[in-house]
Amino acid sequence: MTQQTTGRRVVTNMSISLDGHYARPGDPRDMGWVMPYAVTDVARDHLTSLWKPATTALLGRVNAEGFLGFWPTVIGMEGADPRDEGFAQWLVDTDKVVLSSTLGEAPWERTTIVDKPTAEVVADLQATEGGDILVLSSGSVIKALLAADKVDRLALTIFPVFLGGGPRLFDDGLPGGQWALASEAAGEHGTLTLVYDRVR
């Protein structure tokens with residue numbers, strides 16, 4: 001049975017090291033390596049361009065706890081960059097879907113907890129009205145969507161560091177396919193942002 005979709009794009013955003021990893025070996029929650037680069041103009045502008053057309057945030061549990069534990073505190077923070085505040089406010093106000101088999105109920109407002117295969121959750125969301133579905137830095141979610149060929153727009157921020165190990169975003173065995181470069185920008189400290197659209 002073919003499902004009629006509304007044309008909602010699935011947009012994934014991830015920061016990776018120059019040697020292809022999205023987390024340090026042994027400690028996926030340590031984001032210290034990201035910080036000098038995440039606060040550059042190019043990284044902030046990149047994130048802004050992704051959340052503005054999005055009306056749903058899709059996250060794994062670990063990322064949801066990290067993002068929703070930190071970002072709301074940025075709203076009204078003295079000296080906060082307006083782009084950071086804008087993202088924080090969007091994250092609080094937007095519909096959030098968190099993939100988890102362990103969370104019973106959401107401790108955050110406007111949040112639905114779902115325990116289903118990632119591709120199925122995305123298909124359900126695409127069958128509803130709305131803007132882009134933005135997957136925020138959740139490695140396991142993005143990897144599942146890439147494996148199922150469900151990513152329409154792949155956004156990457158590449159930081160000029162080698163982590164020397166850790167989980168990789170692009171595993172062997174992904175479905176073959178072509179991508180078209182939609183935008184690129186380079187900024188401070190050698191930070192590079194790339195956005196690719198899936199050619200179908």
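Modeller: In this predicted model, the lining of the largest pocket draws at least two residues from each of seven elements: the strands β1 (10–17) and β6 (153–159), and the helices α1 (35–38), α2 (41–51), α3 (61–70), α4 (82–93) and α6 (139–147). Of these contributions, the largest share is that of α3, which supplies seven residues. The lining has 47 residues in total, and the ones nearest the centre of the pocket are Met31, Asn63, Phe67, Trp71 and Ser137. The space inside the largest pocket comes to about 1200 Å³. Sorted by class, its lining holds 25 nonpolar residues, 14 polar ones and eight charged ones.

Two of the lining helices, α2 and α4, also pack against each other. Their axes lie 10 Å apart, at an angle of about 30°. Angles under 35 degrees count as roughly parallel, so α2 is roughly parallel to α4. The crossing of α2 past α4 is left-handed. On the α2 side, the contact is made by Asp41, Arg44, Asp45, Leu47, Thr48 and Trp51. On the α4 side, Arg83, Asp84, Gly86, Phe87 and Trp90 take part. Five residues of this contact are charged, four are nonpolar and two are polar.

Another lining helix, α6, packs with α5 (residues 118–126). Here the axes come within 9 Å of each other and cross at roughly 80°. The range for roughly perpendicular is 65 to 115 degrees, and therefore α5 is roughly perpendicular to α6. From α5, the residues Thr118, Ala119 and Val122 meet Val141, Ala144 and Leu145 of α6. This contact has five nonpolar residues and one polar residue, with no charged residues.

The lining of the largest pocket, to which α2, α4 and α6 each supply at least two residues, has eight charged residues.

How values were computed:
Residues are numbered from 1 along each chain as its sequence is written. This is a predicted model: local features need pLDDT of at least 70, side-chain atom pairs count only at pLDDT 80 or more; totals for chains, interfaces and linings use all residues. Side-chain values use heavy atoms; hydrogens and water are left out. On a 1 Å grid over the protein atoms alone, a cavity is a set of points where a 1.4 Å probe fits but cannot get out, and a pocket is an open set with protein on both sides within 12 Å along at least five of seven lines; lining residues have an atom within 4 Å of a point. Grid points are joined across faces, edges and corners, and a volume is the space filled by probe spheres set on the points. Helices (H or I, at least four residues) and strands (E, at least two) are DSSP runs, numbered from the N terminus. Ala, Val, Leu, Ile, Met, Phe, Trp, Tyr, Cys and Pro count as nonpolar, Asp, Glu, Lys and Arg as charged, and the others, Gly among them, as polar. Axes are lines fitted to C-alpha atoms, for helices over the stretch in contact, and angles run from 0 to 180 degrees between N-to-C directions. Angles under 35 degrees count as roughly parallel, over 145 as roughly antiparallel, 65 to 115 as roughly perpendicular and the rest as oblique. A crossing is left-handed if the near helix is turned anticlockwise from the far one by less than a right angle, and right-handed if clockwise. Contact means heavy atoms within 4.5 Å.
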